[in-house]
Amino acid sequence: MEIKAVLFDLDGVIADTAKFHFIAWKEIAKEIGVDIDEEFNEQLKGVDRVLSFDRILAYGNITSLKEDEKEYYRTKKNNLYKELLQGLTPQDILPGILDFFNELIDNNIKISIASISQNAPYILEKLDLLDKIDGIADPRSVNNSKPAPDIFLKAAEIVGVDVKNCVAIEDAEAGIEAINKAGVFSVGVGNLVDADLLIDSTSGLNLNIIKENFKKKQNIMKMHV
């Protein structure tokens, strides 16, 4: 069994756009009388706009908003986020990512994006990475967001690779849970204990190390069949 594709989360893996999500959500939360901090923001990482706003409402014990009001705030948050993204440049690519992308390309391993962000194409364009990517899973094309496996299954499907031949990289608990449910080898950036392989930061991404651990897991699985 060999690695034929690597599926990437975007926020916090390819670029540090997660900080922009926090700034935008903090502004929206303030408007409805809720104060959120960076600790609470961990609950918003890796999940979509709908679930993120629902968690903010629950945190603030707010139950009075109608659906059209919720949609107003979700849309406003996205517009704030997109304004912040305008200043994004290739300098914002996280350490090690560009070298790792080139290593994958040199080894004929496909690169697919498994982000719940509808802004992924715009972000990748600003980072000048679009020409290195083989596929971008559209979050609007799947039924369920992370921690469901749908977006990772779609990311594998659009590049024509079986999940057994995929590796996926995430920096959020919801994302690791989604990868594991998809039956994909999971690489966690940071303290994500459920990942098959843990690295401290994106600068630690190394294809040989990933291949070694990927093979170890395959051998363990064969022993239990």
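How many of the five residues of strand β4 are buried?

## Strand β4

In this predicted model, strand β4 spans residues 166–170 and is mostly covered. Five of its five residues are buried.

C166, A168 and E170 point one way from β4. V167 and I169 point the other way. Buried positions occur on both sides, E170 included. In a regular strand, side chains alternate between the two faces of the sheet.

## Neighbours of β4

β4 pairs with strand β1, residues 5–8, in the parallel sense. Four bridges make up this pairing. Within it, V167 of β4 is the bridge partner of V6.

Strand β5, residues 185–189, also runs parallel to β4, and four bridges join them. Here V187 of β5 is the bridge partner of I169.

## Helix α1

Helix α1 covers residues 18–31, 14 residues in total. From first C-alpha to last, α1 reaches 20 Å. That is close to the 20 Å expected at 1.5 Å a residue.

The buried residues of α1 are A18, F20, H21, F22, A24, W25, I28 and A29. An α-helix has 3.6 residues a turn, so residues three or four places apart point the same way. The cover over the buried residues of α1 includes α2 (38–41), α3 (49–59) and α4 (67–85).

Just after α1 comes G33, with a positive phi of about 85°.

Definitions and conventions. Residues numbered from 1 in each chain as written. Predicted model: local features only at pLDDT ≥ 70, side-chain atom pairs only at ≥ 80, totals over all residues. Heavy atoms only, no water. Buried < 20%, exposed > 50% of the residue type's maximum accessible area, 1.4 Å probe, protein only. Helix = DSSP H or I, 4+ residues; strand = E, 2+ residues; numbered from the N terminus. Pairing = 2+ DSSP bridges. Expected span 1.5 Å × (residues − 1). Contact = heavy atoms within 4.5 Å.
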